[in-house]
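The following report describes selected local features of one chain, with the cut-offs behind each term.

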Amino acid sequence: MFDAPLRVTVLGSATPFPRPGNACSGYLVEGGGVRVWVDAGTGTLAELQRHVALGDVDAVWISHLHADHSADLLTFYYALLYAGLEPALPVPLFGPTGIADRLAGFLTNGPERSPVERAFRVEELHDSHVARVGGLTLTSRAVEHGLPAFALRVEDEAGRSLVYSGDCEPCPALVELARDCDLFVCEADGEAPGHHSAAQAGRTAAEAGVGRLVLTHVGSALPPGEAIASAAGDYAGDIAHADPGLRFDVTRRSRTPGRTTTSPASSR
């Protein structure tokens, strides 16, 4: 256990494959005395170790089973069982239905099923699933992505809150989950089934009345500055881009409209 305010560090935000200097989707959420790895996209395991020892990860939460959000669970499994880290096992793993069998399917190399449950205590998500990890409450809602997928709300005991969209198109469940949250991390991979565009991310943020918006998973064809400008068409609050390595402290903020493209409470 450790004492830290609620905060989220961007491990990676690239889509749909890692780029030099930017892993796929992954975030380290810290607060309430615990550390939660949210989405384990390709390349994020290495970036995670810049901020926390692997044996000190208290739980993992996975939005959906596309590789750019979950592939590094495979190598995390090897780290937990075979690298001499001596972590407290099994590590709680929250993910969509079938996540344990999906991992076992990749990891099994012989007649016996890989013992994924030795590494992970799997708890399958469902709509309105609630879990408690240390001083954090994790609430998941089913969202629209063309396959089982979830968004996440994290709240600490002081009432601070952050919401992560996962990958999804605009939908009422996400607006409800994000309602009045202090920090909203929303994907903006493009206006297509299963995804938000940057403009739609701004619209969802405005509808939910969030305190701050962080655009992530932005398509490579759209420069971050243009994505921010597009989101600002409907959202009048503070907007930032999820550059890899940025840390955002979650603070209670006034929701008086005011447009800015800076993020004064973020740091590397």
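## Backbone exceptions

Pro90 is found in the loop between α3 and β6 (91-95); helices (H or I, at least four residues) and strands (E, at least two) are DSSP runs, numbered from the N terminus. The model is predicted, so that local features need pLDDT of at least 70 and side-chain atom pairs count only at pLDDT 80 or more, whereas totals for chains, interfaces and linings use all residues. Residues are numbered from 1 along each chain as its sequence is written, and side-chain values use heavy atoms, with hydrogens and water left out.

The bond between Leu89 and Pro90 is a cis peptide bond, with omega at about -5°. Another cis peptide bond joins Thr15 and Pro16, and Pro16 lies in the loop between β1 (7-14) and β2 (23-24). As background, most residues other than glycine have a negative phi, and most peptide bonds are trans. Positive phi values occur here at Ser128, at His217 and at Gly84, which comes just after α3.

| Site | Feature | Value |
|---|---|---|
| Thr15 and Pro16 | cis peptide bond, omega | about -10° |
| Leu89 and Pro90 | cis peptide bond, omega | about -5° |
| Gly84 | positive phi | about 70° |
| Ser128 | positive phi, not a glycine | about 70° |
| His217 | positive phi, not a glycine | about 55° |

Ser128 is placed in the loop between β7 (120-124) and β8 (129-133). With a relative accessible area of 42%, Ser128 is partly exposed. His217 belongs to the loop between β13 (212-216) and α8, and counts as buried at 1% relative accessibility.

## Helix packing

Two packed helices are described by the angle between their axes and the distance between the axes. Axes are lines fitted to C-alpha atoms, for helices over the stretch in contact, and angles run from 0 to 180 degrees between N-to-C directions. Angles under 35 degrees count as roughly parallel, over 145 as roughly antiparallel, 65 to 115 as roughly perpendicular and the rest as oblique.

The axes of α3 and helix α4 (residues 99-107) cross at roughly 75° and come within 10 Å; the two helices are therefore roughly perpendicular to each other. In this contact (heavy atoms within 4.5 Å), Leu73, Leu74, Tyr77 and Tyr78 of α3 meet Ile99, Leu103, Phe106 and Leu107 of α4. By class, the contact of α3 with α4 has eight nonpolar, no polar and no charged residues. For this count, Ala, Val, Leu, Ile, Met, Phe, Trp, Tyr, Cys and Pro are nonpolar, Asp, Glu, Lys and Arg are charged, and the others, Gly among them, are polar. Within helix α3 (residues 73-82), the buried residues are Leu73, Phe76, Tyr77, Ala79, Leu80 and Leu81.

Helix α7 (residues 198-208) packs with helix α8 (residues 224-231) at an angle of about 40°, their axes being 7 Å apart. These two helices are therefore oblique to each other. The contact involves Ala198, Ala199 and Gly202 of α7 together with Ala227, Ser230 and Ala231 of α8. Its residues divide into four nonpolar, two polar and no charged.

## Core and buried sites

In soluble globular proteins, nonpolar side chains tend to be buried together. A nonpolar core is a set of buried Ala, Val, Leu, Ile, Met, Phe, Trp, Tyr and Cys residues joined through side-chain atoms within 4.5 Å. In this model the largest such core has 29 residues, and those with the most contacts inside it are Val29, Val36 and Trp61. Not counting residues up to four places away in sequence, the residues that Trp61 touches include Val36, Phe94, Leu125, Leu138, Phe150 and Tyr164.

Leu174, in helix α6 (residues 172-178), is buried with a relative accessible area of 0%. Beyond four places in sequence, Leu174 touches Val143, Ala151, Val163, Ser165, Cys168, Phe184, His196 and Thr204. Leu174 and Gly159 are 15 residues apart in sequence and 19 Å apart in space, C-alpha to C-alpha.

Arg7, placed in strand β1, is buried at a relative accessible area of 18%. Leaving aside neighbours within four places in sequence, Arg7 is in contact with Leu28, Val29, Glu30, Arg247, Phe248, Asp249 and Val250.

Terms used. Buried < 20%, exposed > 50% of the residue type's maximum accessible area, 1.4 Å probe, protein only.
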